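Dear colleague,

Here is the structure we talked about handing over. My notes on aromatic pairs and backbone angles follow below it.

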Amino acid sequence: MEALGSTSVVCTDKTGTLTQAEMTVVQLWVNGVPHSVAGVGYAPVGEVTDAGPVRELLRTAALCSNARLVPPTGRDGWRVLGDTTEGALVVAAMKAGLDPAAEEARTPRVAEHPFDSVRKLMSTVHRDLDGSYLAYVKGAPLELLARCDAVDRQGAREPLTDACRAEITAAADGMAGQGLRVLAVARRQVDGPHPPLGDAESGLTFLGLAGMYDPPRPEVRDAVDACRRAGIRIVMVTGDHPLTAEAVARRVGIVRGRAPSVVTGTQLDALDDGGLDALLASSTELLLRRVSPEHKMRVVTALQRRGEVVAVTGDGANDAPALKHANIGIAMGASGTDVAREAAVMVLLDDSFASITTAVGLGRSVYRNIRKFLIYLFSHNIAELVPILAATFAGFPLVPITAVQVLAIDLGSDVLPALALGAEPMERDVMDSPPRPRRERLFSTAVMGRILFLGGIQALGVCAVFFWHIHASGIPYADFTKSDPVYREAITMVQAGIVVSQFFNSLAVRTDRQSVFRVGLLTNPWLLAAGCFGIGLMAAISYAPPLQAIFNTAPLAAADWAVLAAFGALLLAAEEARKWVLRRRGTPLKGETR
């Protein structure tokens, strides 16, 4: 998940990821006449306008399908077993008054040529009542139309003219432009029960078109907007008609310009590597349609060649190479195959694109929390080291903080707040900055600068309180001993100063750019509880006689605690001022994610 934080390109499919994968046939086209289909979902409830002319189209489409419609059981409504596109065709046939099971019994299937992404067709062979054999074919309109030489006119077979081809193509484009997934249906008589693929899918008689609507997932548009803000480019990769792909892409916000780059698999084949690189570099809104898994693999390789961190979605066994080769392969948990899930590094249980965006945000949040953890822990080390160096250069004979006090801070006061920072909730602006560089180190320039900034303020504070106590006593440096009450109080002030300033430091590092007061001081109660525990432990070390004997400490006055709290508040105020400056700039520092 943390690796998703550096994702710069997501190659996503359409059906089921951007859409709900609940296909519904809403329009049929036969002999130049459109027929609307009422009803939504998989319930066979609704009417087909003037169903007579489209019954043969729907009968053929339903028989050339492997999906089965399952009636409601318990809490589950009508659902489809098998491909949702085929299920939609079965539902439409039932709306037209057909019984798919009875039709299957009347003309049983004897052979099948399954769908594949290359020829984009599926065909089945059935034995008719008179003993002859018929091939029923459905698939992409252009691919199927190229194999037709006739058209059905109210039961009569007529030659398919160029004018008729143009009319069919225009009708398919019009339906696709409405965001519908369009399938064409055809048939032919064959010589036997097991015709070769070339015979079963050539010389076909065109029956009509079926347009299906798959509504976009309602949460996807917000997820796409988040990706845009995060500087993540989305490339739609689909086998659908280009107009369908563009219509859906516009609905979910992937395409907003007037002229996106819509490239087919055939056009990709015509490009060499240089041409593909130029296409990917110049096209901010890119839709790849009518592409095969091989095309997807080539695009992923080209994007990686440009230095992009690529996430790829897939559900089929033939998507496995692209899923494996991508930086982050994302398989569909609900509709994906076992092969795809094994090849991926992440599985979406709900198949939704919005889950990818959520994962990216969580990845960025995890990375931020690791940096907060490091900044918090390393900054106080400066406050422990600098007073010792300052005392040495000033000629003070004793250390301002002892080894056992350092251990008490590191093991007693700092551990729980550091763990609480690791569970810091996701910041609201986590998706408002570009992806971080792949080679960015945890200890980047920005992180080291922040450690020095916060640690320096703590160091100045504890040095000030220590030497203030020493000088206020009027005792020469050489006369101080470990048992001197002033010295014991001074080192207690140093330890308490680090603990108190670390409490304010934990609040300061909760955000990179936002004000912690805008996030809310109470949004991470575990951090407040851990900080209070550390201060309580420090109070026990200061006031409990057994712990005083171990740590050589002395009780602090209320005024001492007030001074230490003021230094802590000063640290928080300085960090808030730094964040305000960054927000005014409007751009992140190098190596920093907002």
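F396 and Y487 are both buried (buried means under 20% relative accessible area, exposed over 50%, partly exposed in between, with a 1.4 Å probe and protein chains only). The model is predicted: local features need pLDDT of at least 70, side-chain atom pairs count only at pLDDT 80 or more, and totals for chains, interfaces and linings use all residues. Residues are numbered from 1 along each chain as its sequence is written, and side-chain values use heavy atoms, with hydrogens and water left out.

There are seven aromatic pairs in the structure. Rings of Phe, Tyr and Trp (its six-membered ring) pair if their centres lie within 6.5 Å; planes under 30 degrees apart count as stacked, over 60 as edge-to-face and the rest as tilted. F396 and Y487 are stacked, because their ring centres are 6.2 Å apart and their planes are at 25 degrees. This pair links distant parts of the chain, 91 residues apart: F396 is in the loop between helix 14 (353-394) and helix 15 (403-413), and Y487 is in helix 18 (residues 485-508). Helices (H or I, at least four residues) and strands (E, at least two) are DSSP runs, numbered from the N terminus.

F466 and F467 make an edge-to-face pair, at 5.2 Å centre to centre and 85 degrees between the planes. F466 is buried at 1% relative accessibility, and F467 is buried at 15%. Ring pairs join F396, F466, F467, Y477, F480 and Y487 into a cluster.

Q154, not a glycine, has a positive phi of about 55 degrees. Q154 sits in the loop between strand 9 (148-153) and strand 10 (156-159) and is exposed, at 82% relative accessible area.

Regards
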